Amino acid sequence: MYSKLNIKNVILGHKSSLADGKTNSNYKIEFIFLPLVAAIALIFIKVPDSDVKNIFGICFSILIGLYLNILVLLISSISSENLKITHKQKKIRLELLKETLYNVSFSVYISVKALIALFLSTILVLTNETLNDFFCVLTNHDFNYFIQFILGLFLYKYTIDIFLILFIILKRINILYTKEIDIENLKLNELIRNEDDDDDNN
């Protein structure tokens with residue numbers, strides 16, 4: 001069962017696509033430390049309440065559907081037989097598709113983790129008065145607040161990760177399809193010129 005649930009390749013492929021051309025320290029700063037610092041700042045500003053959790057739930061559900069649609073689009077775009085481009089360009093295109101596929105798959109994984117954190121933050125409510133009183137003495141907040149604080153930190157971190165990856169995906173899809181649109185434009189311009197030449201000859 002573990003082998004079927006193991007998504008280590010997705011995580012490693014996603015990390016490899018982001019770390020390409022960057023040192024390991026730059027990767028950690030841009031995609032680990034900065035989102036974590038932003039999440040910590042947000043959690044101190046506001047611990048997610050019911051309204052914020054509802055917004056999170058709606059956003060994550062929409063994003064998972066969006067990512068699955070993008071996955072279908074990418075899979076249907078793998079074949080390059082009909083594209084009049086060089087073999088080198090086809091190889092670059094396939095590599096870009098592969099990296100984007102890893103990014104989208106990883107985003108779905110993060111979105112599911114965020115939904116799990118959201119679910120836990122909704123159901124984990126402790127009623128142990130002794131424990132709550134102990135934490136009130138130490139922190140002026142009960143233990144439930146501590147649970148919501150930790151899970152809220154994860155929610156903010158996952159949300160920032162998802163949107164960072166979304167911008168990367170948008171950029172890569174734009175590069176992919178802009179190139180294909182340019183190729184189609186060249187083909188159409190050639191056809192239009194041929195039509196104009198035929199009209200002139202007639």
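Mentor: Happy to! Let's begin in helix H7, where aspartate 161 and lysine 157 are 4 residues apart, which means about one helical turn separates them. (Helices are DSSP runs of H or I with at least four residues, and they are numbered from the N terminus.) Keep in mind that this is a predicted model, in which local features need pLDDT of at least 70 and side-chain atom pairs count only at pLDDT 80 or more, while totals for chains, interfaces and linings use all residues. Residues are numbered from 1 along each chain as its sequence is written, and side-chain values use heavy atoms, leaving out hydrogens and water.

The side chains of aspartate 161 and lysine 157 meet in a salt bridge, 2.6 Å from N to O. That term asks for a side-chain nitrogen of Lys or Arg within 4 Å of a carboxyl oxygen of Asp or Glu. By this rule there are 3 salt bridges. Aspartate 161 is buried at 10% relative accessible area, and lysine 157 is buried at 17%. Here buried means under 20% relative accessible area, exposed over 50%, and partly exposed in between, with a 1.4 Å probe and protein chains only.

Next, arginine 172 forms a salt bridge with glutamate 99 (3.5 Å, N to O). Arginine 172 lies in helix H7 (residues 143-201) and glutamate 99 in helix H5, so this pair ties together parts 73 residues apart in sequence. Arginine 172 is buried at 11%, and glutamate 99 is buried at 15%.

Finally, lysine 46 pairs with aspartate 49 in a salt bridge, their closest N and O atoms 3.1 Å apart. Lysine 46 is partly exposed at 37%, and aspartate 49 is partly exposed at 30%.

Terms used: Helix = DSSP H or I, 4+ residues; strand = E, 2+ residues; numbered from the N terminus.
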